[in-house]
Amino acid sequence: MSKNSNRNTIIGSALPNLPWEERPDTCKDPVWRFSQNPIIGWNPIPSGARAYNSAVVPYGDGFVGVFRIDDKSGRAGLHFGKSDDAIRWELEDKRIDWVDESGKPNPNSYAYDPRVVLIEGTYYITWCDDLKGASIGMGYTKDFKTFVKVENPLMPFNRNGVLFPRKIGGEYVLLSRPSDSAHTPFGDIFLSHSPDLTYWGKHRHVMAAGGSGWWQGTKVGAGPIPIETTEGWLLFYHGVSNTCNGFVYSIGAALLDLEDPSKVLYRSRGYLLTPEKEYETSGFVPNVAFPCATMYDAPSGKIAIYYGAADTYSAIAFTQVDELISYIKNDSEV
């Protein structure tokens, strides 16, 4: 643990029951894997083959989540899950029943790669939705019993919709990655503003794929909800390289300006985590580490990163905020 771990760098709440494992003595990296990975494996529910690229949050005395689960036809949907320790999860076999704002059924065609964020007492969920093509879906819940689907914030084709956890300049802010109708061999991160979560505009470019290295040369996409720190918004993201054997998804991080998050202050030159373990390199889609959620304990600066591995498994990695920010600043390429 960093000797600076009591600086209160994270602007947020304490979470003393955050899942945590100290960095192994043999590891010198700023991010390290949970020794019990993967935490969710093949066939986690009777109807589902794979649970991955999912979002978890503290709730009450425990934890809840919205999980991407691909059923045994291969189609992706969203399922609710709960846990006492954020490691062992009880997943519902039935998909979430979405309703519209009048209470009428409003089902998804397909839905995948959710993010969940608490804003002013309401939990907002974003995911990749079907709007005559891949787009961003949005909904909310107050109790994880009733899930209300609202208007799609952006037109297709788009993915990786990630809301900031508070208004900035009096407006909601949404990250996204414009794409195509397939697997998108390109992609930069943009953001959009809204006064009411319905009408979106003032679109701004945030960061491009590329850099001197190849690990993020093909495309980048926002990952978990940005973490507010005294140094800026800490954004974990995925970077993709295109090899002779297909895409490789790795995890990086950047610091964005607190008041103008379209401005990148620092950005990791190299990846923080890339597929190396068997559960990351072998699965339905090999060579994928795809972050969708973080939880943190603000006083200690401990962060748990939840990521999908090989489009098959769910896994956790850990970092400490002061060590990570120092690492990013010391090897930054904007």
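1. Let me start with a strand contact: Lys82 has Glu90, in β5, as its bridge partner. Strands here (E, at least two residues) and helices (H or I, at least four residues) are DSSP runs, numbered from the N terminus. Before going further, please keep in mind that this is a predicted model, where local features need pLDDT of at least 70, side-chain atom pairs count only at pLDDT 80 or more, and totals for chains, interfaces and linings use all residues. Residues are numbered from 1 along each chain as its sequence is written, and side-chain values use heavy atoms, with hydrogens and water left out.

2. Around that contact, β4 (residues 76-83) pairs with β5 in the antiparallel sense over 2 bridges. Two strands count as paired if DSSP finds at least two bridges between them. In general, strands of a sheet pair through backbone hydrogen bonds, either parallel or antiparallel.

3. Which order do the strands take in this open sheet of 4 strands? The order is β2-β3-β4-β5, and the pairing is antiparallel. At its edges are β2 and β5 (90-91), each of which pairs on one side only.

4. Two cis peptide bonds are worth a look on your screen. One runs from Asn37 to Pro38, with omega near -10 degrees; Pro38 sits in the loop between β1 (32-33) and β2 (48-59). Another joins Pro156 and Phe157, with omega about 0 degrees. Phe157 belongs to the loop between β10 (147-149) and β11 (158-163).

5. Next, positive phi values. Phe144, a residue other than glycine, has a positive phi near 60 degrees, and lies in the loop between β9 (134-141) and β10. Is its position buried or exposed? Phe144 is buried, with a relative accessible area of 6%. The cut-offs are under 20% relative accessible area for buried, over 50% for exposed, and partly exposed in between (1.4 Å probe, protein chains only).

6. Asn287, also not a glycine, has a positive phi near 65 degrees. Its loop runs between α1 (278-281) and β20 (289-297). With 25% relative accessibility, Asn287 is classed as partly exposed.

7. Finally, the cysteines. How many disulfides does a search of the whole structure find? The count is 0, a disulfide being a pair of cysteine sulfur atoms within 2.5 Å. Cys27 is buried at 17% relative accessibility, whereas Cys244 is exposed at 79%.
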